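Here are some notes on ring and charge geometry. Please read them with the model open.

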Amino acid sequence: MPICIYPLLGGTIIPSSIVFARCNNGKYSSGFVVSTQSSRHTVRLYTGEVLTFDVNDSPALVLDQNPESHALQVGTRVIGSRPKSVLWHPGKVTEVKQEMDGAFFHVQFEDGNQCWHGVDDIRPVRYSKVGGL
């Protein structure tokens with residue numbers, strides 16, 4: 001069976017969804033959902049590691065989908081890429097600016113680092129219940 005690249009149904013996490021999964025160190029690594037059951041999601045990271053998450057732990061999984069720029073405001077919790085790191089880091093949008101080539105977001109990361117990102121390099125973190133099938 002082929003893997004569907006964009007299996008998003010209204011932002012719901014389903015098997016084969018491409019996601020960032022929270023690792024033990026609090027940072028996020030990319031992978032895909034292997035299965036979804038009533039109480040858990042199972043994710044295989046691209047490193048080969050398999051992780052399982054409670055479906056009610058919504059910040060644990062972040063869909064790898066570019067957000068609409070209007071959905072990102074000051075105070076939005078996000079994960080973002082960082083130079084020289086394959087992991088994505090948690091942080092918060094602290095400033096938004098509109099430029100001719102789109103919106104840019106200043107992110108203050110939890111470890112104190114900060115940088116500007118376009119929508120390609122950040123994802124909002126959901127804090128509501130993540131749906132299953």
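**Notes on rings and charges**

1. Arg-82 is buried, at 15% relative accessible area (buried is under 20%, exposed over 50%, partly exposed in between, with a 1.4 Å probe and protein chains only). Arg-82 belongs to strand β6, residues 77-82 (strands are DSSP E runs of at least two residues, numbered from the N terminus).

2. This is a predicted model: local features need pLDDT of at least 70, side-chain atom pairs pLDDT 80 or more, while totals for chains, interfaces and linings use all residues. Residues are numbered from 1 along each chain as its sequence is written, and side-chain values use heavy atoms, without hydrogens or water.

3. The charged end of Arg-82 sits over the Phe-109 ring, 4.8 Å from its centre (NZ of Lys or CZ of Arg within 6 Å of the ring centre and within 35 degrees of the ring normal). Lys-97 lies over the face of Trp-116, 4.4 Å from the ring centre.

4. The side chains of Arg-82 and Asp-111 make a polar contact of 3.0 Å (an N or O pair within 3.5 Å; within protein, one atom able to donate a hydrogen and the other to accept it, and sequence-adjacent residues count only if both atoms are side-chain atoms).

5. The aromatic pairs number two (Phe, Tyr or Trp six-membered ring centres within 6.5 Å; planes under 30 degrees apart are stacked, over 60 edge-to-face, the rest tilted). Phe-32 and Tyr-46 form a tilted pair, 6.1 Å between centres and 40° between planes. Phe-32 is in β2 (28-36) and Tyr-46 in the loop between β3 (40-45) and β4 (50-54), so the pair ties together parts 14 residues apart in sequence. Phe-32 is buried, at 19%.

Methods. Helix = DSSP H or I, 4+ residues; strand = E, 2+ residues; numbered from the N terminus.
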